[in-house]
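Have the sequence and the model open while reading.

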There are 2 protein chains.
Amino acid sequence: MVSVSVPPPRVVIEGVTPQLEGGRYAVKRCVGETVVIGADIFKDGHDHVAARTVYRHAQDRRWREAPLTHEYGPDRWTGSFVVDAPGRWQFAVEAWPDRFRTWREHLEKYRAAGQDVAVELLEGATLLERCLDRMPKQVRIYLRSAARQLADVALPLSERVDLALSAELAERVWGPLLAGDATRSAVTYEVFADRSRAVFSSWYELFPRSQAKHPGVHGTFRDAQDRLPDIAQMGFDVVYLPPIHPIGKVHRKGRNNTPVCEADDVGSPWAIGSEDGGHDAIHPQLGTLPEFHAFVRSAADLGIEIALDFALQCAPDHPWVTAHPDWFFVRADGSIRYAENPPKRYEDIYPLNFWCENREALWTACRDLLLYWVDQGVRTFRVDNPHTKPLAFWEWVIREVQRDHPDVIFFAEAFTRPKRMYGLAKLGFTMSYSYFTWKNTKWELEEFLRDLGRPEVNQFYRPNFFANTPDILHEYLQRGGRPAFRVRLLLAGTLSPLYGIYSGYELCENTPLRPGSEEYLDSEKYEIRVRDWDQPGNIKSDVKTLNRIRRENPALQSFQNLRLVPTNSEHLLAYWKHAPGNDLIVVVNLDPHGAHDAMVEVAPGDLGIGDSQSYEVEDLLDGRRYTWRGARNFVRLDPTERVGHVLRVRRQR
Amino acid sequence: MVSVSVPPPRVVIEGVTPQLEGGRYAVKRCVGETVVIGADIFKDGHDHVAARTVYRHAQDRRWREAPLTHEYGPDRWTGSFVVDAPGRWQFAVEAWPDRFRTWREHLEKYRAAGQDVAVELLEGATLLERCLDRMPKQVRIYLRSAARQLADVALPLSERVDLALSAELAERVWGPLLAGDATRSAVTYEVFADRSRAVFSSWYELFPRSQAKHPGVHGTFRDAQDRLPDIAQMGFDVVYLPPIHPIGKVHRKGRNNTPVCEADDVGSPWAIGSEDGGHDAIHPQLGTLPEFHAFVRSAADLGIEIALDFALQCAPDHPWVTAHPDWFFVRADGSIRYAENPPKRYEDIYPLNFWCENREALWTACRDLLLYWVDQGVRTFRVDNPHTKPLAFWEWVIREVQRDHPDVIFFAEAFTRPKRMYGLAKLGFTMSYSYFTWKNTKWELEEFLRDLGRPEVNQFYRPNFFANTPDILHEYLQRGGRPAFRVRLLLAGTLSPLYGIYSGYELCENTPLRPGSEEYLDSEKYEIRVRDWDQPGNIKSDVKTLNRIRRENPALQSFQNLRLVPTNSEHLLAYWKHAPGNDLIVVVNLDPHGAHDAMVEVAPGDLGIGDSQSYEVEDLLDGRRYTWRGARNFVRLDPTERVGHVLRVRRQR
């Protein structure tokens, strides 16, 4: 509210972009990216206005500045700065009446009309005198001398006017000249700059305990380490491990999620904690902390980063249950409440009570778990079911961790209603699972992609297109066989710069627990699975080709550049991904069972090609070249041969 | 920012509507209107959530509340309240985990599955005990007793469960039950409720000095009073007077804005102030303060309100110039700066320096001028050129006046760039002039109406469609003769619930100062014009009919209900105005020179009429009835007979 006694604002600053919920949350960018700032800025009267954005990394003391410029009519001002370091950035917008430019213009007009400008010159001199303190030291001597000359009636008038209108003087006078002139946007807005893997990376999920060479043997970090070259060969750069902590023994679940557990059953890694330790311990059968370190180092040598699971829940034998029973839900009879979805109760899991009396201790302990693993060299956390823990907790803990470790990535595994998924992304999750696995028909995919492609969503939500997970084996994969796996791989890796597969995908494993279920039969969640990673029918060469193409083509390294392309077939989905000098047209046959053809419509003008000119497109998947011409071109895809094209447009030189 | 020590919010509340710039400004409504509140509300986990809006008139101490309800999937909550008094209202949104409903549902499910619910009953008892302090006094006895019974193991279990699930209990437990449960929107939003004339009124502008019965005589308030019955007959309910204050004599402008003034020239009423007084004085030739009071009372008796001009600028002989030279711009040579638009200087006007050293005194004096005229019975101010005075000043002064006088209307005469016009409306101007006078072709009008019709603009900007002003005689009127005046009158009065004419319009006065000018020849701004108000060719009966129709048809009393209707003629503009039980289809021939016909397209379904059913429309202008059928109906308009139809849809009973 404006008050007459507190100096009121001289200029109106509104509609600042980018912003989320009026500055409540940070928008997301990638390190090195240019942030374009916009604002509606205007004041009363006819004075000139000037404006700038002031910005800084949140840990810098000094603000930097960049000028804003505008178009007259719409009163829309723009400018930009580069976020050149990871972490939280702040910016605001400042504007002020440009007294010097207004004065100079008036003087010019009066002079041109042959009017007396003696008083104007004196007023200019006074203005320069009064603003001296606010000007940079290096220009003060010049300005003081200019002020003196402007006011010096002994000098010829024309000389004084020439000085007043000189470029030298104009260059040196910039910024709010007098006290109270500057108005600043009421809000300081935030931008979070993530490192590049937050935007572009290829993920592979594996259970270390399944990496042994022989069936029935519990795999270790060493075994997992031996798998890394194969994974690097496929071109992945993030390997994500389900929880690596001791697994609860009390009420442990048996194979295929049966409530009865056999003596040799290994349990679910998500039932965390036993006498061997909790979230800061390593499951003894996987190895030791030094072996974990060796595994992480070995991965790094291959260009692979290890992502851990962060699942905030406890098995009944988790050390916290005895050390901090008050961190759980204590029932009226003194017992601790199981996880429940009435009338079901999950006896192998205790949820944490984030609103317990001793909330600060619990939240701090959770933060310290993250910091512990950060100390062990982990920089990426896949967060299990974040939507079942308070949003306020996540907002707090992510800020706490990223303050000193801005390179830490949080990946939200929240499959829930859209606003909750978006809410988690807004408050700070770096990237998120999405509904991709359930979008298989053309209309489903197009609607889904249009929603994610909205610029306001792009500001904060980065989807990671996992093609399967240990929880989700979609019917499409169950029924579509190998071609279905190739289709979904190609879609995931070309639609989204972030994508992943859960191991076994490359072997086209597709047997569900039972018909109608999306669970795997003999799921690795409850038992060890040892596989032949080179078994016939695998699609590892597809994976390798795809990941190579992703690395070589900047168009596949951004999500914002996706444009759907019409085809006249309900089976052929087409889209165009554009980066400077790198245009890809991807066409995918969504039907794993049959060949289909269609006309694919891309206006040559959009590609910078003349309407009647022919041009060459090269399928990056197999190197074949085709000649295209005009707005409609024929494509036929037979899934027994190829499920799609990734066509790079070749321009004439 | 969330902190672990300050209790963090349990629930996320975002996207609250209605709001302007994140709550920076109040949205506008009419007294008696229902304000619909919306919000995105969600929390983690599976608990039920409940929400309400809390609201109050800004001068009430106590908040009232209204529940919000929601659809599950979109997490969008809505509710409403009525603004039943004029002035500033405040509202916020509150949400909390609905512990009781969650507990009750769990209990129900466990019981249905035949599980033991003894502990659940105890927990319910504890919940009721703990929330007692927060519950209204009248239910506490009931709840304490219910808690005791729920916990009483001596009672049969089924009886306790029945009580737990009873409607009686559920009805009594509502609201945030425990400390820290409630989350409130970070912002308290504002709604300004105006009285109905702010939304719907018909304006007539006249110069009192021109109301004498004989040429050459200076009119008075008494003369103006004698005109009122005629104006009331035409159906106007606001009469707006240009400034009624003493007119400066120094550098007074002559007739037709000539710089040289003859002895008998009366000067411009906007050059305010002379030895006879300033903004709080009355020009002696108009009459005395008691005569002004009589004029205002006489108007009120006829259902007419008097609106004054508020023009913050001074003639060189205004008393403030000598009493407060520091309130003006003092030049380097000690002189006071004229209004200027370099290289032009306007020697009859001094602008005020709203940022002068003694700003508080000046702003307060300006406010006191408004309060003075409020004390004289004036409740509507037409503000001259508000965009040349600081926006912060207007925001402050409007708030100051409306705090004790919420029925005061501020009408902004700002013809400037769109964001500045909208900026003034956002900060508090009740209604605004618009570009209407310059929108004469069909495409111009349609584009203009689409922009004004946007819901986000409707929240704050109320256009008043003046068909002419003393400054604007559009070429369309100059060239189109009487039919043009009828066209523009009909458009103004049926497109917008707020419209007006400046006197002389009803006589079709259309001689410009010179070709290409929008100024009137012999403008009343600089001289007295005495007219024969019943001279032949006048369109007073059009005016009367239009104002009657406006009063009788609620569809013409709102701006939000306008829908453009296609016609296949570039000359015929059609629109549909809807209110419950009142559908009007208006068709106007924009060409004053020729007859045109077209098919007008209104889907009968939109009118609640069967597709193949015929229906009757009655032209409210002349009572003729036509039978329409289907989506396209023929209309022909010959401007020598009629310039438009105002067709009321007659439904079969």
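Is B:F411 buried or exposed? B:F411 is buried, with a relative accessible area of 0%; buried means under 20%, exposed over 50% and partly exposed in between (1.4 Å probe, protein chains only).

## Basis

This is a predicted model, in which local features need pLDDT of at least 70 and side-chain atom pairs count only at pLDDT 80 or more, while totals for chains, interfaces and linings use all residues. Residues are numbered from 1 along each chain as its sequence is written, chains are lettered from A and ligands numbered from 1 in the order written, and side-chain values use heavy atoms, without hydrogens and water.

## Aromatic pairs

Over all chains there are 86 aromatic pairs. Rings of Phe, Tyr and Trp (its six-membered ring) pair if their centres lie within 6.5 Å; planes under 30 degrees apart are stacked, over 60 edge-to-face and the rest tilted.

B:W96 and B:W174 pair edge-to-face, at 5.1 Å between centres and 70 degrees between planes. B:W96 lies in strand 7 of chain B and B:W174 in the loop between helix 5 and strand 8, so the pair ties together parts 78 residues apart in sequence. Helices (H or I, at least four residues) and strands (E, at least two) are DSSP runs, numbered from the N terminus. B:W96 is buried at 0%, whereas B:W174 is partly exposed at 37%.

B:W203 and B:F411 have ring centres 4.9 Å apart and planes at 65 degrees, so this pair is edge-to-face. B:W203 is buried, at 1%.
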